[in-house]
Amino acid sequence: MYGGAPKPSLAPHFVIGFAFLVGGCVLAWLGSSATLVCTRADGVGCTMTVKSFGLATLSAERIEDVKSLEMRRSRVEGSRSRTPDRLIFHTGNGEVDLGLFFQRFRRYQGELDAF
């Protein structure tokens with residue numbers, strides 16, 4: 001006679017699912033740590049390791065024969081963007097920029113220069 005109970009809307013379930021997905025991505029991004037270790041064995045070499053939640057290694061990059069370090073503007077002249085300056089290593093084989101994770105070490109440029 002009545003046709004049963006009214007069907008619930010699926011919209012709240014999609015919103016909640018999307019919120020959990022975004023929250024998981026944010027936690028994964030914030031839980032991803034990067035370390036930079038510089039050594040002076042046969043010349044200066046640096047190793048950058050990126051780990052997820054400090055456990056699983058996502059990537060490890062080694063820079064050999066480091067000659068100098070430079071902070072380079074990456075914004076286009078006249079741009080109003082807030083793109084940060086890039087930390088670039090100069091080696092015997094050219095310039096090395098390891099990307100976004102590597103830019104976390106910009107604030108330590110003075111210490112890296114002194115090394």
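Trp29 counts as partly exposed because its relative accessibility is 43%; partly exposed lies between buried, under 20% relative accessible area, and exposed, over 50% (1.4 Å probe, protein chains only). The structure is a predicted model, in which local features need pLDDT of at least 70 and side-chain atom pairs count only at pLDDT 80 or more, while totals for chains, interfaces and linings use all residues. Residues are numbered from 1 along each chain as its sequence is written, and side-chain values use heavy atoms, with hydrogens and water left out.

Trp29 belongs to helix α1, residues 11-30; helices (H or I, at least four residues) and strands (E, at least two) are DSSP runs, numbered from the N terminus. Together with Phe18, Leu21, Val22, Val26 and Leu30, Trp29 makes a nonpolar surface patch of about 630 Å².

Attention now turns to the strands. Strand β5, residues 86-91, has five of its six residues buried, so this strand is largely enclosed by the rest of the structure. β5 pairs with β4 in the antiparallel sense over six bridges, where pairing requires that DSSP find at least two bridges between two strands. Within β5, His90 stands opposite Ser68. β5 is also joined by three bridges to strand β6, residues 94-96, and the two run antiparallel. Phe89 has Val96 of β6 as its bridge partner, and two residues lie between β5 and β6 in the hairpin that they form.

The loop between β3 (56-63) and β4 (66-72) holds Asp65. The phi of Asp65 is near 55°, a positive value in a residue other than glycine. Asp65 is partly exposed, with a relative accessible area of 34%.

Notes:
Patch = residues over 30% accessible without salt bridge, like charges linked within 9 Å, V, L, I, M, F, W, Y side chains within 5 Å. Areas by Shrake-Rupley, 256 points an atom, 1.4 Å probe, with all protein chains shown as cover. Salt bridge = Lys/Arg side-chain N within 4 Å of Asp/Glu carboxyl O.
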